[in-house]
Amino acid sequence: MLTKRIVPCLDIKNGRTVKGVNFVDLRDAGDPVVLAKQYADLGADELVFLDIAATLENRKTMHDMVLKVAEQVNIPFTVGGGISSVEDVDDLLHCGADKVSINSSAVKRPELINELSDKFGSQCVVVAIDAKEVDGEWLVHLAGGTIPTTLNLFDWAQEVEQRGAGEILFTSMNHDGTKAGFANKALAKLSNLVNIPIIASGGAGSIQHFVDTFKEGKADAALAASVFHFGEIPILELKEALRKQDIPVRL
Amino acid sequence: MKLSIVNYGAGNIKSIQFAFQRLGYDAILTDNPEEIITSDKVIFPGVGEASSAMVKLQQSGLDQLIPTLKQPVLGICLGMQLMCSHSEEGDTTGLGIFDVNVKRFSNKVKVPQMGWNTISNLKSDLFKGIKEKEYMYLVHSYYAEQCEASIATSDYELEYASALENDNFFGVQFHPEKSSKAGEQLLKNFLKL
C-alpha cells in the first residue's frame, strides 16, 4: 500500500539552513547536507530545500549544495526558490535534484509548467501554491504570500494539473506559522478536485494535526519545518502514532 | 569491476551514479557500445516519456545493442518499462526482453503514484537480505502487468509487477538509488550477481 509521506522542509540562504535548527548531536546544524542525512536516517520520506534568498549571485552556491545532497542522501528531494526557466530546472536536475518546485513563476507564465513537464516529465514538476482565505474565497498569493492575486486556488490547481504538474504543494497562509493545524477543509476539496498528489503545508503543531490532515484533509504528504527542526515532533514517534491510527506510513 | 550506466539523455542519472559511489563503486555514464559491451554490469535508467526515450535509443542504436547483452543488466523505472514488449505510453513498442505489456493506472487512483510502497512476493537473488513488504520509492504513471517474469509485486489500484527478471536481465519499477538502506541492499545484490 502506498504510504503517506512526512516531508521536512529546509529553508536555505547562501547555502546554509536558516530559521534556527536545534538538533542535538549535530556538528553543524547550519549545514544542509548534515541535516539532510540526519533526516534521512530518522525516517523522513522526502526532503524539500527552499532557497529563500534566490538571486543570480548565489545560484552557484545552491547548485553546489544540491550536488552535495545528491551525493550523500539516499532519499528523494525537491528544490525550490527562484526557478523560472527550463534552463534553471535542467541545471538543478543535472546536479541531482529529483524534483523542482515552482511557484510565482508559474503564475506569471503558466506555460512554464507545460514546458517543464514536456521536457523532464511531470514526475519532477511540483507546483507550489500559497493561498489565503479572504472573505470566504481562497486566493493565490505570490512572493512568499506577500502579493495577493485574483486567482482562485481551486481554479489554479486544476489548471496546473492540466498543464502537467506532477504534484501540488499547497501552503495555507492563514495557517502557516500558527501551529494550529493544517487547512484540512481546503485540502480535502483540492484532493477531490485534482488527480495528482497533494502535499499539505502550513500549520503543523502537534501529532494530531498530521493525523487530521491525512484523515480529514486527504493529503498524500505533509510538510513541516520548525516542529521537526526543533525536535518538538520526532519523526519516528510521529510515524508510530500515525500507524496506530491506521494511516499507512513507512516505518 | 566495470560498471556502466547507459546514458541516452533520459533524466536524473546522476543519482544512480552517486548511489554506487556511496557503495564504493565508480560507475561510468556512457552511450558508447564498446564500453557497454565490455562492462561487467550495466544499468539502464530512465525517467520521462516512453516514446521519446525509445526514439533516443533508436537514434544511437542502443535499442539493438541492449537485448544482445550477456552480462547482468538492471533497468530502472522507465528503463524497466522500455525492456517490456509494449507500453501504452505513446503506443511504444519496447525492447521485448520481458514478455509483458505496460499500462496506465486509471483515474480511480492519483496518477502518478508517488512515494513509498511495499514490495511483496520477492523471488530473486536481487532481493537477498531484503524482507517481504519492504518499502521502496516509486514515481510512475504506468505499470507492468503481473506476468511470468515477475519477481516482486506491489499494490496500487491493482497488483502489478514491480520487478522483473529474464535470464541476465532485471528490471525494477522503483528507484533503488532513492530507497534508503533497502535500495542500497538491492544495488549491492545486483553487483554480486
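Is B:C77 buried or exposed? With 27 C-beta neighbours inside 10 Å, B:C77 counts as buried (buried takes 20 or more other C-beta atoms within 10 Å of a residue's own, exposed 12 or fewer, partly exposed in between, with C-beta atoms placed from the backbone).

This is a predicted model, where local features need pLDDT of at least 70, side-chain atom pairs count only at pLDDT 80 or more, and totals for chains, interfaces and linings use all residues. Residues are numbered from 1 along each chain as its sequence is written, while chains are lettered from A and ligands numbered from 1 in the order in which they are written.

**View 1. The annotated trio in chain B.** An unreviewed UniProt entry puts the label "active site" on B:C77, B:H175 and B:E177 (such annotations may be inferred rather than shown by experiment). They spread over 101 residues of sequence, yet cluster in space, with a largest C-alpha distance of 11.0 Å.

**View 2. Around B:C77.** Look for B:C77 in the loop between β4 (73-76) and α5 (78-82) of chain B (helices are DSSP runs of H or I, at least four residues; strands are E, at least two). Beyond four places in sequence, its contacts are B:G46, B:V47, B:H140, B:Q173 and B:H175 (contact: C-beta atoms, placed from the backbone, within 7 Å).

**View 3. Around B:H175.** The loop between β13 (169-172) and α6 (180-192) of chain B holds B:H175. B:H175 is buried too, with 24 C-beta neighbours inside 10 Å. Leaving aside neighbours within four places in sequence, B:H175 touches B:I76, B:C77, B:Y137 and B:G183 by the contact criterion.

Methods
Contact = placed C-beta atoms within 7 Å.
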